[in-house]
Amino acid sequence: MHIFKWRWVLCPIILLCCTNSRAQSPNNNKLWYKKPAAVWTEALPLGNGRLGAMVFGRTNEELIQLNEGSLWTGGPVRTNVNPGAYSNLQIVRDALLKEQDYEKAYEYTKKMQGYYSESYLPMGDLFIHQSFRDTAITDYYRDLNIANATATTSFVADGTTFTREVFVSAPDQVIVVRLSASKPHQLHFTVGLNSQLALRKAIRDGRVLECRGKAPAHIQPNYIQSKNPIEYTDTAGCRGMRFEMQLQAVAKDGKVTTDTAGVHVSEATEVLLIIAGATSFNGFDKCPDSQGKDEHALATAALGKAVKKSWTALRTDHINDYRKYFDRVHFTLASPAHNENAAKPTDERLLGYTEGAVDPSFETLYFQYGRYLLISCSRPGSVPANLQGIWNKEMRPPWSANYTTNINVQMNYWPAETLNMTEMHQPLLEFVKAVAKTGAVTSREFYHTRGWALHHNSDIWALSNPVGDIGHGDPMWANWTMGSPWLSQHLWTHYAFTKDKQFLRETAYPLMKGAADFCIDWLVEDKDGFLVTAPSVSPENRYIDDNGKHGSVSVATTMDMEIIWDLFTNLIEASRELGIDADYRAMLEAKKSKLYPLHIGRKGNLQEWYRDWEDEDPHHRHVSHLFGLYPGREISPVRTPDFAAASKKTLELRGDAGTGWSLAWKINFWARLLDGNHAYKMVHDLLHLTGQTGTQYANGGGSYVNLFDAHPPFQIDGNFGGVAGMGEMLLQSQNDEMAILPALPDAWAEGAVSGLKARGNFEVGIEWKNKQSNRISIKSLAGSHCVVRTAVPVKVNGIAASAVKDAFGYTIQFNTEKGKTYELVPR
Ligand code: FUC
């Protein structure tokens, strides 16, 4: 809902700006280019949460690279992978807590590892060979319209305009391509399907091209040297899923023939290509082959249904479905040079922005693009978005394009609730149920602990063991144990935003309790009586201890303690909300009070380690110890000013540079520190054209030409963390109050946003000028009590509200009625 209409603003100066802001909306929803994609990171992503397509927009040799979110190597996780693991735990603990022999602890920690995760796969490539012989191509244009999730390519050859429109439909579960020519009978082309995976092709009913394939049993992670990294033979049993792609052309006129080389079309004017794809994946605990779904039946049914629909019906259903989510949030900034900037193709606009052009509407486009991407790669019923969302062309993608849980998969979902896409959170929340099952086995087998444990990597099989192929991984990532409490935060967050008590009672609470049980058993007492984690790492940094020794395994890293604090705090609140488990709650409260506390180091920083040690890499990309600032809520300028000041010092010492996701995290940190200008600086750094084009690893995050986040290489978390951070600049609600424009930068002095969500299930719109909100609209969707923090005192629905003033502004409180909207204006 667009709560604020610019027409309400009467002052002529504003009207001028409003005209601008209005004028920007129609064409500020497009990424567009004057040339085809030369490389994958210039192609444009489409998706319905399950099927993904990267559209290159080439003229004679169009390439649309295809993915299916559940197409991974492997099969259900194995149990009892390292029966000797547990025997090392006490040795590690003694080495850490009694002998202070951290090198020994490191060596023995390595003995507590299992297998690497499986790998996400590319499904196929759709080629369209359309020959124009020697004819010159003119008027070339391609775009991605994020307002209707459609990519269009058009160009002129021999006096005919050729247009190709592509979308991936969620209601119809197919990819749709329409090719059309402005003059009759000018379409002559062949469409083919290929894959890097083994395919068998067949023709059904003379008109459907079927491509049946099988995924490898395992692929070694790309960072492992291996002579035969791709294994098709299933030695372990139950590994290697089937998949199928189907293609059919529907032509209004002309001739269409289909053989295994592809679909051949001539003398047509308009042709629809319908592509269906499915895998046999049937859940994390089912053999993908013998117990798999019937991928042939799934693809056949989707294709059969879609070919009967008209282009208009397919397109209308797709757009209506997509807009249900996308249209919930509007964000505009006064953008004086908008028309000039938007007149540039996106690659040039990005370059201009990188070189310093002031272009606020590009920032709002980037914000909405992040929302577009989550809606496109994570839908109810799909598997969670991986390191690349659902878009991957590599057989051995970076870090297996898996679920990396020491920051990355969580970051993917940071904008889900705040930016009004709660449904898109569902795949991750469902995944927690699966990983809690495998994690219970891992917890028991590796540590003899209760509850469920998850380490730093997972996959669609809900892998939960510490990776490393038993002894080959570095514990600074492989043996990080805080996956279950961190993922539990998402369960609580979903409840906090939706107030869905049934979800809390039936789903979230038991899973959170399972994670807490693991943490309770995992914690041990140090000699001062504090509860600590041991072994403990701070992803993925190393310390230099007081004796000058470098290491990564130690005791009670700040991140561990903050994550456990977060879970215990959330679980205590959850049990209160549900009015259950008073004894368990009292036990948690007692444990919480004994957790090793936060410390401020001698540099005034928030200590990362158990002791005030130096960092081996002071500028490390991970800033794990600020978890309590974001996404946690232990640290805040309002409630814990000393730790907030120490966090600020930490960020200054760490510096701004980092990988894409690191820059994105820092937007959120600075927003939580209420420093809008520094947060904005980080937005700028993230939306900065990277010098990389391929899958190269390099320092310095940024954005590719298609505005995908560059780690580099491409990793989608930075897109999601980045836009979540932009949301945190506009609205925060983690401290039992809704802070309006808490970190507004000078560059965003005037604008309007609507449809943001706040905890308590409020939908919030804000309109501001000169950095001051002049209208706030709060729609109460659950009838929760509302506490609002503003910069100036306000009236609520015309009545002056009594406000409490402190150094951070004014807070007012009022009860709300479910379904009612409250308008707040300056008094
Ligand atoms: C973590 C990070 C890396 C990368 C990888 C997928 O291990 O430290 O930078 O993002 O995940």
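# Close-up views of a predicted chain

**Figure 1. The whole chain at a glance.** With 827 residues, a compact globule would have a radius of gyration near 28 Å, and the chain agrees with that at 27 Å. Here the radius of gyration is taken over C-alpha atoms, and the globule rule is 2.2 Å times the number of residues to the power 0.38. This is a predicted model, in which local features need pLDDT of at least 70 and side-chain atom pairs count only at pLDDT 80 or more, while totals for chains, interfaces and linings use all residues. Residues are numbered from 1 along each chain as its sequence is written, and side-chain values use heavy atoms, with hydrogens and water left out. Along its principal axes, the C-alpha trace spans about 85 × 75 × 50 Å. The chain holds 20 helices and 39 strands; helices (H or I, at least four residues) and strands (E, at least two) are DSSP runs, numbered from the N terminus. Of the 827 residues, 63% count as buried, where buried means under 20% relative accessible area, exposed over 50% and partly exposed in between (1.4 Å probe, protein chains only). A contact means heavy atoms within 4.5 Å. Among contacts between residues at least 6 apart in sequence, 70% join residues at least 24 apart.

**Figure 2. Trp-72 meets Tyr-403.** Rings of Phe, Tyr and Trp (its six-membered ring) pair if their centres lie within 6.5 Å; planes under 30 degrees apart count as stacked, over 60 as edge-to-face and the rest as tilted. By this rule the count comes to 42 aromatic pairs. In one of them, the ring centres of Trp-72 and Tyr-403 are 5.3 Å apart and the planes stand at 45°, so the pair is tilted. Trp-72 lies in the loop between β4 (61-68) and α2 (89-97), and Tyr-403 belongs to strand β20 (residues 403-404), so the pair ties together parts that are 331 residues apart in sequence. Trp-72 is buried, with a relative accessible area of 0%, and Tyr-403 is buried too, at 1%.

**Figure 3. Tyr-447 and Phe-518 bring two helices into one view.** The ring centres of Tyr-447 and Phe-518 are 6.2 Å apart, with planes at 40°, so this pair is tilted. Tyr-447 sits in helix α11 (residues 422-447) and Phe-518 in helix α14 (residues 501-522), so the pair ties together parts that are 71 residues apart in sequence. Both Tyr-447 and Phe-518 are buried.

**Figure 4. A ring cluster, and charges over rings.** Look for Trp-414, Tyr-630, Trp-661, Trp-665 and Phe-669, which ring pairs link into a cluster. Another arrangement involves a charge over a ring, counted if NZ of Lys or CZ of Arg is within 6 Å of the ring centre and within 35 degrees of the ring normal. The charged end of Lys-111 sits over the ring of Tyr-108, 5.3 Å from its centre. The charged end of Arg-611 sits over the ring of Tyr-610, 3.9 Å from its centre.

**Figure 5. Helix α13 and its surroundings.** Helix α13 (residues 483-498) has 16 residues and reaches 23 Å from its first C-alpha to its last, close to the 22 Å expected at 1.5 Å a residue; the expected span is 1.5 Å times one less than the number of residues. Of its 16 residues, 16 are buried, so α13 is largely enclosed by the rest of the structure. After α13 comes Lys-499, whose phi is positive, near 60°.

**Figure 6. Strands side by side.** Two strands pair if DSSP finds at least two bridges between them. An open sheet of three strands runs in the order β25-β24-β26, with antiparallel pairing. β25 (550-551) and β26 (614-615) stand at the edges with a single partner strand each, so one side of each is left without a neighbour in the sheet. Two bridges join strand β24 (residues 543-544) to β26, and the bridge partner of Tyr-543 in β26 is Asp-615. Elsewhere, six bridges join β4 to strand β5 (residues 124-129), and these run antiparallel; Leu-66 stands opposite Gly-124 in β5. Five bridges join β5 to strand β10 (residues 187-194), also antiparallel, with Asp-125 opposite Asn-194 in β10.

**Figure 7. Asn-570 and its contacts.** Asn-570 has its place in helix α15 (residues 558-578) and, at 2% relative accessibility, counts as buried. Not counting residues up to four places away in sequence, Asn-570 touches Gln-489, Trp-492, Met-512 and Arg-633.
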